Amino acid sequence: MEVINQCRVDFNYKLLPQGPILCNTLFSNVVKTVIIENLVVAVKKVDKPNACIFDILTYTVCLKNKSMYHVSNIFFKDIVPSEVKFICGSVKVNWIKNKNLDPNRGFHLGTLKPFSKCSISFKVVVLPLTLDLILKNFAHITYDYVYNLEKPPIRITIKTNTI
């Protein structure tokens with residue numbers, strides 16, 4: 001949505017005390033503000049709060065379109081920490097396995113219908129030399145935001161919670 005604002009000032013004045021009353025109107029410059037709504041909410045979870053070396057962790061990200069509009073051109077990227085290794089072929093989008101997807105490189109999810117959800121999950125293995133570390137991880141989701149049908153969309157990037 002775009003908010004357009006302009007100020008208008010109407011005023012009266014006299015050039016001379018005995019002179020006629022003059023009326024005038026002035027307009028300010030036009031200011032445009034783009035209001036970006038949070039159309040997509042992204043929540044990330046992990047299946048184990050504690051892990052040991054060679055444990056397999058499953059990360060799950062749930063996207064929800066909370067608007068009444070289609071959210072298009074969604075791109076998902078999740079760079080896993082260096083202390084873990086992504087398990088190739090473990091990515092599932094809406095519980096359907098896709099062997100060619102890699103969260104480190106990112107991949108397109110397409111369009112999310114109004115008020116619908118999408119689930120992305122993948123597995124990683126904890127590498128040796130990861131003792132007493134706290135693994136922190138989050139994902140990025142980028143999508144097109146159409147605020148004005150007469151203008152091109154804006155690319156919005158949101159971040160999930162850190163787990």
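**Salt bridge exercises**

D102 is buried, at 16% relative accessibility (buried means under 20% relative accessible area, exposed over 50%, partly exposed in between, with a 1.4 Å probe and protein chains only). Keep in mind that this is a predicted model: local features need pLDDT of at least 70, side-chain atom pairs count only at pLDDT 80 or more, and totals for chains, interfaces and linings use all residues. Numbering runs from 1 along each chain as its sequence is written, and side-chain values use heavy atoms, with hydrogens and water left out.

**Exercise 1.** Find the side chain that D102 meets in a salt bridge, and say how accessible that partner is.

*Solution.* Start with the pair: D102 meets R105, at 3.7 Å from N to O. D102, at 16%, is buried.

**Exercise 2.** Which parts does the bridge between D78 and K44 tie together?

*Solution.* First, the contact: the D78 and K44 side chains meet at 2.3 Å, N to O. Now place them: D78 sits in the loop between β7 (71–77) and β8 (84–86), K44 in strand β5 (residues 40–46), so the bridge links parts 34 residues apart in sequence. Strands here are DSSP runs (E, at least two residues), numbered from the N terminus. Finally, burial: D78 and K44 are both buried.

Key
Salt bridge = Lys/Arg side-chain N within 4 Å of Asp/Glu carboxyl O. Helix = DSSP H or I, 4+ residues; strand = E, 2+ residues; numbered from the N terminus.
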